[in-house]
Amino acid sequence: MHMSSDSNTTGTLPGANTINPHQWVEMYADYLYTYALTRLNDEEQARDLVQETFLAALERIDKFEGKSSERTWLTAILKHKIIDIYRKKSSGFAKRTDIADAEQEQADFFDHDNGHWNAPYRPHLFGMEEKDPMANKEFISILQRCMQKLPSLWLAVFTMKHMEDESTDIICSELKVTPSNFWVIIHRAKINLRACLQKNWF
Amino acid sequence: MNAIKNIIYNCKEATLLIEKKQISGLTFRENIKLKIHLIGCSVCRVFQQQSILINRMVKQLFHSNQHSNAKLDDHFKKELQEQIEEKLKKE
């Protein structure tokens, strides 16, 4: 369990936010489910996490300080569980093979001597740059598919940065990457994602 | 001379700086390097435009309502609340 940030609790303050587990499911289950689904793209896993979140919250209900709302508190618990999943997915054997494949794929993007773009891989305009890309369902679905193709560690770093706006320090310590490796990953993930969009959009 | 050549031609480094700029910002030196590179490199200018576009889309994607219609089924919810009540009773 990864809730170390909660360790200095002082008990519920008078007049603070209250907590009522009898209404949790009715009030927050769909919200938490959506939150998890957006970040994991897996219905079953998202459902399991909602359940685990409520049960974990019950275990630590005495730690609820009332400083934040019930929903914010539950969301923080869920978020840690999501990060745990990112971490598990991106460690171990799978990590090494999928990264090696992705690195291989972009090995020829730049000239080995001078770092200039090699002709076949040069970025071309999508024709979407000036428009509202969110209005184009096809473009969005290609982006989502391209993200799912990223190595899991890259996706985890990329998602935590761009989706959660998590600090670089937290990402590095949660996912156990060095700061210099963090930049390598951010860079490679973007190059890979952009190339994938270009390949599938035209 | 070599240093300038490196800046002008090194798209690999320039694209890294483009990413860094969006996340943590650049040092004065890095900023100058990137500016010089982008003046001469239309390909990296396209890359930069698209990199910003992708970041913006990803942010919107996760804060938008793409899954807003996603709901847990009632049966699952009912069981979940029962499980919670059960646990509450034990304490």
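This is a predicted model: local features need pLDDT of at least 70, side-chain atom pairs count only at pLDDT 80 or more; totals for chains, interfaces and linings use all residues.
We can begin with the cysteines. Across all chains, a search of the whole structure turns up 1 disulfide. The bond joins A:Cys146 to A:Cys196, with 2.1 Å between their sulfur atoms. The link is left-handed, with -80° about the S-S bond. Distant parts of the chain are brought together by this pair: A:Cys146 belongs to helix α5 (residues 137–148) of chain A, while A:Cys196 belongs to helix α8 (residues 179–201) of chain A, and the two cysteines are 50 residues apart.

B:Cys11 is in no disulfide, and the nearest cysteine sulfur, which belongs to B:Cys44, is 3.8 Å away. For B:Cys41, the closest cysteine sulfur is again in B:Cys44, at 3.7 Å. That distance is too far for a bond, because a disulfide needs the sulfur atoms within 2.5 Å. B:Cys11 is buried, with a relative accessible area of 0%, and B:Cys41 is buried too, at 4%.

The surface of chain B has a feature of its own. B:Phe28, B:Ile32 and B:Ile36 make up a nonpolar patch there, and together they have about 330 Å² of accessible area. Of these residues, B:Ile32 sits in helix α3 (residues 28–40) of chain B. B:Ile32 counts as partly exposed because its relative accessibility is 39%, a value that falls between the limits of 20% for buried and 50% for exposed.

Methods
Residues are numbered from 1 along each chain as its sequence is written. Chains are lettered from A and ligands numbered from 1 in the order in which they are written. Side-chain values use heavy atoms; hydrogens and water are left out. Patches are made of residues with over 30% relative accessible area and no salt bridge: like charges are joined within 9 Å, nonpolar side chains (Val, Leu, Ile, Met, Phe, Trp, Tyr) within 5 Å. Accessible areas come from the Shrake-Rupley method with a 1.4 Å probe; for residues, only the protein chains shown count as cover. A salt bridge is a side-chain nitrogen of Lys or Arg within 4 Å of a carboxyl oxygen of Asp or Glu. Helices (H or I, at least four residues) and strands (E, at least two) are DSSP runs, numbered from the N terminus. Buried means under 20% relative accessible area, exposed over 50%, partly exposed in between (1.4 Å probe, protein chains only).
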